[in-house]
Amino acid sequence: MFQNQLVSYSGIQPSGNLTIGNYLGALKNFASYSEKYKCFYCVVDEHAITVRQNPADLRRRTYETLALYMAAGLDPEKNTLYVQSHVHEHAELAWILNCFTMFGELSRMTQFKDKSARHADNINAGLFTYPALMAADILLYQTDVVPVGVDQKQHVELCRDIAMRMNQLYPDLFTVPEPIIAKSGKKIMSLADPTKKMSKSDENPNAIVYILDDKDTIIRKFKRAVTDSDTVVRYAEGKDGINNLMSIYSCFTGKEFDEIEREFDGKGYGEFKLAVGEACADALAPVQKRYNEILSDKAGLEAQMKKGAEEASYVARRTLSKVQKKLGFVQVR
Ligand code: TRP
């Protein structure tokens, strides 16, 4: 559809604050994709309401998420940046895909199981069929690759299964997408319990470093990071805390593990933790500065949303109408 250019698609929910896990696993790499792919980045507000949202917070975070995309270096001239609910084809295709997605498949999704355990009072049908909406996001743009964190791999695999199933029934309907999992994003663990992934929904604020945390907060959180009773900065089995800090330091500085081990040879954990905190804060500072500038121009962000929605709608409309036609819906236009 884009003169032989491959399509990349990804989305971020405007709920909760994003962590350095989200940054290193996804956002940081996004800017480099626009050289190689036609990229779509969506603020998935319709996904967000599968758990209760305060309307004012949802609205504010939608602006913030778009600003963060741009602050992370995504140029809106080269990438299509938009809000999911501005393109009605997402919800329409999701309905159709729901009719080709099996109850058993959705029941096996680990995110559904986790979220229904955490929100036991609100296990709604949207939470259950969430992966069909995500598949609609991806398939509407005839996507080739989906850069996501490892936690979303299962959803992308389900999306592939749906696409292949429908292609069997209706040949050449969808491009079957591949997930791209960032190497670094796999490894960012909680600072309080380094055997668990760093998650924005963790109850313990010391477990998480947010992209928008200020320098003092970042340094304080790294100082408190749980480590082992050894004293040597070395990557080894059983040293989950140190391994995690080494991964984070490596991601922010580009240094390899053996280089880091040499750098901190004979130095203690305290000094190492401080260095990790400083590297993280220094790397995030320019992102935070751009973010604040972009966010202060609300009219500019709204103009961006409009432009992105127009670009996205153009493509989405074509795919939806192809699907409707192939399924046998009467078209009278
Ligand atoms: N489910 C993703 C998450 O929670 C967000 C998402 C929605 C997404 N639609 C998508 C990611 C399409 C990639 C492609 O992180």
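Accessible areas come from the Shrake-Rupley method with a 1.4 Å probe. By that method, this predicted model exposes about 15800 Å², and carbon and sulfur atoms supply 51% of that area. The chain holds 13 helices and 5 strands. Its radius of gyration is 21 Å, close to the 20 Å that the globule rule gives for 333 residues, so the chain is as compact as a globular protein of that length.

**Overall build**

- Along the principal axes, the C-alpha atoms of the chain fill a box of roughly 75 × 45 × 40 Å.
- Of the 333 residues in the chain, 52% are buried.
- Take the contacts between residues at least 6 apart in sequence: 76% of them join residues at least 24 apart.
- The chain carries 43 positive and 43 negative side chains. The centres of these two sets lie 3 Å apart.

**Nonpolar cores**

- In soluble globular proteins, nonpolar side chains tend to be buried together.
- The largest nonpolar core in this chain has 59 residues. Ile 20, Leu 27, Phe 222, Phe 252 and Phe 272 touch the most other members.
- Elements that give two or more residues to this core include the helices α1 (20-33), α3 (55-71), α9 (215-223), α10 (240-253), α12 (269-295) and α13 (298-327). The strands β2 (37-43) and β3 (80-83) also give two or more residues each.
- Helix α12 supplies the largest share of this core, 11 residues.
- Another core, of 44 residues, lies apart from the largest one. Among its members are Tyr 9, Ala 136, Leu 139 and Ala 312.

**Ile 20 and its contacts**

- Residues up to four places away in sequence are not counted here; beyond them, Ile 20 touches Ile 188, Met 198, Val 209, Ile 211, Phe 222, Ile 248, Phe 252, Cys 280 and Leu 284.
- Two of these partners, Phe 222 and Phe 252, are listed with Ile 20 among the core residues that touch the most other members.

**Lys 221, a buried lysine**

- Lys 221 is part of helix α9.
- The relative accessible area of Lys 221 is 5%. Buried means under 20%, so Lys 221 is buried.
- Neighbours within four places in sequence aside, Lys 221 is in contact with Leu 191, Pro 205, Asn 206, Ile 208, Val 209, Tyr 210 and Asp 213.

**Residues in loops**

- Asp 265 sits in the loop between α11 (257-263) and α12. Exposed means over 50% relative accessible area, so Asp 265, at 60%, counts as exposed.
- Asp 265 and Arg 234 are 31 residues apart in sequence, and their C-alpha atoms are 8.8 Å apart in space.
- Gln 142 lies in the loop between α7 (125-140) and β4 (145-148). Its phi is positive, about 50°, although Gln 142 is not a glycine.
- With a relative accessibility of 11%, Gln 142 counts as buried.
- Asp 172 is placed in the loop between α8 (153-169) and β5 (178-181). Asp 172 is another residue other than glycine with a positive phi, near 60°.
- Asp 172 counts as exposed, at 63% relative accessibility, whereas Gln 142 counts as buried.

Key:
Residues numbered from 1 in each chain as written. Predicted model: local features only at pLDDT ≥ 70, side-chain atom pairs only at ≥ 80, totals over all residues. Heavy atoms only, no water. Helix = DSSP H or I, 4+ residues; strand = E, 2+ residues; numbered from the N terminus. Rg over C-alpha atoms; globule rule 2.2 N^0.38 Å. Buried < 20%, exposed > 50% of the residue type's maximum accessible area, 1.4 Å probe, protein only. Contact = heavy atoms within 4.5 Å. Lys, Arg positive; Asp, Glu negative; His and termini not counted. Charge placed at Lys NZ, Arg CZ, Asp CG, Glu CD. Core = buried A, V, L, I, M, F, W, Y, C linked by side-chain atoms within 4.5 Å.
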